[in-house]
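Below is a short note on the fold, for a colleague who has the model open. Please read the points alongside the structure.

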Amino acid sequence: MQIARSKAECGTNKKLNALLLHMLQAVVFDMDGVLYRGSMAIPGVAGEISRLKRHVQVLFLTNNATKSRADYVRHLSEFGIIAHASEVMTSSFGCAHYVRENFGRGKKVFVIGEQGLRDEMEIETGAKLVDGWGAKIVVVGLDRQVTYAKLEAATRNLAAGAAFILANNDPTLPKEHGYAPGSGAIASVLTVATGRKPDVVVGKPSTYLIGKLLEMHHVKASQAAFVGDRLEIDMRMANKAGMKSVLVLTGVAKRGDVAKAQKSDKPDIVLSSAAKVGKALGIY
Ligand SMILES: [Mg+2]
């Protein structure tokens with residue numbers, strides 16, 4: 001009887017350990033299409049994030065390279081979401097982190113990109129941003145003021161052997177009425193001109209950004225969920241990283257798209273909105 005009880009206890013402990021091992025420690029949110037759409041907050045999401053914070057680590061990740069992490073902290077606060085810069089990962093910060101990790105500080109960098117990317121490069125890597133010729137590294141992100149002169153300088157630097165770092169390969173930028181060219185489209189000009197592909201793409205669906213964010217917060221991918229609105233970008237990255245993948249229908253993907261998605265892009269869970277994440281993930 002004694003032995004039987006011990007065995008039963010042992011089994012319970014094993015189950016408990018297995019449960020703890022798979023218990024979620026963090027929920028990572030994509031931003032546009034998940035927390036808000038353009039300038040419109042998605043109802044109930046800010047409240048849900050406050051509740052989640054009492055149970056798990058809440059983190060934020062975006063492919064957008066036009067803003068710095070500090071910009072996003074301000075942006076999120078406009079929607080009633082409180083975040084610290086260390087809880088936010090952007091592809092602008094990701095590019096800077098990659099440069100610092102692989103090339104060190106104080107390098108000459110040519111940037112096609114907006115202020116957020118330039119700020120992160122200077123703050124995080126102490127980069128000397130050059131206007132034209134002579135850069136060792138070319139970093140490319142979305143640049144809504146891109147000019148032929150900038151593309152020419154980037155081409156010259158790349159042709160001379162500079163490293164080629166791309167913030168994200170998004171072909172398009174969703175707009176209120178249709179699409180505009182994304183940073184992937186800008187990079188394609190350089191790819192055609194130089195015959196070179198980027199040495200690294202830090203943004204989703206690459207797992208570089210999420211890997212760094214989870215590493216910084218000491219969270220294993222198997223103990224984290226990612227909430228996003230795009231199948232071939234967000235769900236692909238989450239599945240590749242080994243996270244629980246949660247698709248919300250407040251952004252790009254529609255319910256009918258899920259059945260048509262390839263296996264690598266299928267979500268584990270589909271929700272009408274991120275306001276329902278905590279219950280759906282069994283957090284409370
Ligand atoms: Mg999105």
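Predicted model: local features only at pLDDT ≥ 70, side-chain atom pairs only at ≥ 80, totals over all residues.

1. Taken along the principal axes, the box filled by the C-alpha atoms is roughly 80 × 45 × 35 Å. Of the 284 residues, 45% are buried.

2. Contacts between residues at least 6 apart in sequence were also sorted by separation: 68% of them join residues at least 24 apart.

3. In what order do the strands of the open sheet run? The order is β5-β4-β1-β13-β14-β15, 6 strands with parallel pairing. At the edges are β5 (88-90) and β15 (269-271), each of which pairs on one side only. Between neighbouring strands of this sheet the turn is 20 degrees on average, direction ignored.

4. Strand β1 covers residues 26-29 and strand β13 covers residues 224-228, and the two pair in the parallel sense over 4 bridges. For a position to look at in the viewer, F29 stands opposite V227 in β13.

5. Which strands does helix α3 lie across? Helix α3 (residues 69-78) lies across β4 (57-62) and β5. Relative to β5, the helix runs at about 125 degrees. Of these two strands, β5 is an edge strand of the sheet.

Notes. Residues numbered from 1 in each chain as written. Pairing = 2+ DSSP bridges. Axes fitted to C-alpha atoms, helices over the stretch in contact; angles between N-to-C directions. Contact = placed C-beta atoms within 7 Å. Buried ≥ 20, exposed ≤ 12 C-beta atoms within 10 Å, placed from the backbone.
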